[in-house]
Amino acid sequence: MLLLITLSLAFIVAPAFAATPYQVTVLTDMPSYVAAQQIMISGTVSPTPGANTAVVVTIRAPDNKTVDASDDLVSASTGAYNQVTVAGGTTNWIAGTYTVNATWGGYGSTANAVTTFKYSPSATKTTTTTAVACTPSSIAIGATSSCKATVTGATGTITGETVTFSLQSGSGTVTLPSTPTCAIAAGGACSVSVTGAGAGSATVKASYPGDSGNAASSGTGSLTVLAAIATTTTNVSCAPAAVAVGATTTCTVTVSGTTGSVAGTTVTLSVASGSTGKVTVPLPATCNLSASGTCAIIVTGAGAGSVTVSVSYPGDSNNAASAGSATFTVQAGTTTTTTTPPTTTTTSPTTTTTTTSSSPSTTSSSSTSTSESSSAGGGLGSLTLPIVGVIVVVLAAVGVVVWRRKVAADYGKSAPR
């Protein structure tokens with residue numbers, strides 16, 4: 001009765017167009033459910049119908065009794081519809097295979113689709129969890145992202161079992177592969193590639209059907225589809241800006257304006273052909289960008305003149321390529337030679353002369369002159385002063401004795417003792 005009323009309203013509201021062939025699809029988010037689990041039913045009507053149309057969704061038990069029925073409004077812009085119900089919500093739910101029937105009627109046309117799922121009143125299987133992560137999480141229209149599903153908590157091996165991907169509602173859209181499935185590999189993960197189709201946020205769902213020992217599970221992952229690829233800027237600065245031959249300068253690269261992470265992206269440095277100076281660069285002349293979009297390359301001055309270096313950022317699925325340059329000077333080295341003449345010091349021996357008069361009460365002494373120097377080499381120069389002094393003293397003593405004897409002879413006196 002509800003179906004007839006809905007279809008009648010659709011015919012009343014719809015304009016009187018010629019009959020157009022329409023198609024309707026229907027699917028559930030998992031292949032099997034246990035009591036109290038949510039069942040998400042969704043599908044589309046195509047071509048996209050006008051406003052105020054609905055799909056009648058009916059769920060029947062294995063004994064053909066209706067356990068749920070609802071009218072789900074169809075989007076006038078996308079043709080999509082969905083509903084959520086709970087497994088085991090009424091007394092009519094029994095174990096077995098259930099049938100989901102989706103019927104749409106309007107504009108003189110009717111479309112129908114059917115799918116099935118399994119229901120068990122009690123959860124006797126191991127609970128599993130399915131998680132989804134899309135990398136990169138932000139892509140441009142036309143670019144791709146890898147959406148990976150990971151199933152954990154399973155008992156035994158689930159390698160080779162199939163995970164099915166589907167799209168959930170969102171302002172953005174992505175395109176799934178024609179066969180949106182993957183086989184679980186060792187470790188419980190597998191992935192599919194999706195392509196950005198419309199700007200906004202999109203949600204990708206992965207469903208694991210379970211097996212005889214593991215319960216079904218599903219999870220979702222989100223990603224952003226950008227309207228256009230991002231324009232980037234690459235800046236280069238070399239410090240110091242002037243170096244001598246053999247000295248180094250550090251050229252720092254900064255890539256800005258990017259979308260998403262650029263960490264690990266390799267940028268390449270080259271020397272411009274018009275440079276008059278020369279430098280030595282590392283091999284390879286590259287560095288990997290950090291999470292903040294920076295890295296550095298050290299170059300060494302090899303020949304005097306002006307040097308221009310260019311750095312290229314290759315871009316990725318989200319970011320356009322860009323390049324930047326910097327100029328610095330390599331200066332010729334300067335050598336300074338200082339000559340210091342050797343220092344020579346000459347030492348003269350010390351001469352001392354003493355004279356004593358004949359008068360006992362009168363004594364006169366000659367002046368003593370001393371001149372000293374030292375030879376840089378040492379040697380006998382250090383012994384000259386003591387030896388000469390001894391000789392002089394001895395000679396002076398002998399002279400005094402001789403002189404006194406002569407005076408004594410002259411005066412007829414004995415020389416004093």
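Trainee: What volume does the largest pocket have?
Mentor: This is a predicted model, where local features need pLDDT of at least 70, side-chain atom pairs count only at pLDDT 80 or more, and totals for chains, interfaces and linings use all residues. Residues are numbered from 1 along each chain as its sequence is written, and side-chain values use heavy atoms, without hydrogens and water. A pocket is an open set of points on a 1 Å grid over the protein atoms alone, where a 1.4 Å probe fits, with protein on both sides within 12 Å along at least five of seven lines. Filling the points, joined across faces, edges and corners, with probe spheres gives the largest pocket about 700 Å³.

Trainee: Which residues lie nearest the centre of the largest pocket?
Mentor: Lining residues have an atom within 4 Å of a point. There are 26 of them, and those nearest the centre are S42, A80, L167, Q168 and S169.

Trainee: Which strands form the open sheet, and in what order?
Mentor: Strands are DSSP runs of E, at least two residues, numbered from the N terminus. Two strands pair if DSSP finds at least two bridges between them. Here the pairing is antiparallel, and the order is β10-β12-β16-β14.

Trainee: Which strands are the edges?
Mentor: An edge strand here pairs on one side only. The two are β10 (129–135) and β14 (173–175).

Trainee: Which residue in β12 stands opposite A131?
Mentor: β10 and β12 (residues 144–152) pair in the antiparallel sense over seven bridges. Opposite A131 stands T150.

Key: Helix = DSSP H or I, 4+ residues; strand = E, 2+ residues; numbered from the N terminus.
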